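Me: Can you walk me through this one? I'd like the main points in plain words.

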Amino acid sequence: MKKNINDILAERFTTKWWEDTPVTTEQQNYIFDCMSKAPSKNSKYKYRIVATTSKAYSEWVYLQNAWCYKSVIGKVEPNMKAIHMRYNGQVNAPLVLTWMHDRESLDNDKYWKKEVTHDIMICATIGMMAAQELGLNTGFCGCIDGRKIADYLGMPDKDALIVLGIGTAKPRAFQGDPRNRPVVRDGKVIGWDDDNVTQEFTDAKDRLRNQAEVVFLKNDFFEDREI
């Protein structure tokens, strides 16, 4: 039986550690086709989606761009310690999608920035849902230096807003608090990241189970309102 949206969302988690299993061309095409139907303010679609399976790109974003030191993006201090270095493995996926927008327009038009941001987030969410429907895993990352990403991609007129990693999640590495899985390069621990914390694991540190509040106003609330 095909899963519905509620089932998909109930099972989804932010994936940070990935198997090497590639996202097939057929799967990619389905995801791209769904994203092409995303709603847009006045159907302007004032953004660009960069899709790549390049390990060079994903590792560059992972190691050089999407990291925090003492919770600050790209903060550089003398004698930096791995214990304070947080990486974001969402970007290290087999398929990486990066949403780009015009740099100059963002600098000069606040309304344009708000409008295009809304469009991008709608499109990115549809991409996530399409991937999850196919049985893939996903991870969003907004902890990025968007201008450096655009420059790296040879698009100096653009700015990256968000990255979506898509692929197959690795099993959780160990039991207990998953907030300290080490990131290892060349046999050396260079920092840490969250493990893949699946939905059934509810006692992870800082994992909030609060839901967005829904306030349903009954019709009589509006009876004395003038048009």
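Reply: Phe 221 counts as partly exposed, because its relative accessibility is 39%. Keep in mind that this is a predicted model.

Me: Which residues form a nonpolar patch on the surface with it?

Reply: The patch consists of Val 215, Leu 217, Phe 221 and Phe 222. Together they have about 380 Å² of accessible area.

Me: OK, zoom out. How many helices and strands does the chain have?

Reply: The chain has 6 helices and 9 strands. Of its 227 residues, 41% are buried. The C-alpha trace spans about 70 × 45 × 40 Å along its principal axes.

Me: What order do the strands of the open sheet come in?

Reply: The order is 1-5-7-6, with antiparallel pairing. Strand 1 (48–52) and strand 6 (137–141) each have a single partner strand, so one side of each has no neighbour in the sheet. On average, neighbouring strands are turned by 20° against each other, direction ignored.

Me: How many bridges join strand 6 to strand 7?

Reply: There are 5 bridges, and the two strands run antiparallel. Cys 141, for one, has Val 163 in strand 7 as its bridge partner.

Me: Which strands does helix 2 touch?

Reply: Helix 2 (residues 25–36) packs on the sheet and touches strand 1, strand 5 and strand 7. Its direction makes about 30° with that of strand 5.

Me: And what does helix 5 lie across?

Reply: Helix 5 (residues 110–133) lies across strand 1, strand 5, strand 6 and strand 7. It runs at about 10° to strand 7.

Me: New topic: salt bridges. How many is the count?

Reply: The count comes to 12 salt bridges. One of them pairs Arg 86 with Asp 193, with the closest N and O atoms 3.3 Å apart. This pair links distant parts of the chain: Arg 86 is in strand 4, Asp 193 is in strand 9, and they are 107 residues apart.

Me: Is Asp 193 buried or exposed?

Reply: Asp 193 is buried, because its relative accessible area is 0% and the cut-off is under 20%.

Me: Which residues are linked with it in a network of salt bridges?

Reply: The network links Asp 193 with Lys 16, Arg 86 and Asp 194.

Note on methods: Residues numbered from 1 in each chain as written. Predicted model: local features only at pLDDT ≥ 70, side-chain atom pairs only at ≥ 80, totals over all residues. Heavy atoms only, no water. Pairing = 2+ DSSP bridges. Helix = DSSP H or I, 4+ residues; strand = E, 2+ residues; numbered from the N terminus. Axes fitted to C-alpha atoms, helices over the stretch in contact; angles between N-to-C directions. Contact = heavy atoms within 4.5 Å. Patch = residues over 30% accessible without salt bridge, like charges linked within 9 Å, V, L, I, M, F, W, Y side chains within 5 Å. Areas by Shrake-Rupley, 256 points an atom, 1.4 Å probe, with all protein chains shown as cover. Salt bridge = Lys/Arg side-chain N within 4 Å of Asp/Glu carboxyl O. Buried < 20%, exposed > 50% of the residue type's maximum accessible area, 1.4 Å probe, protein only.
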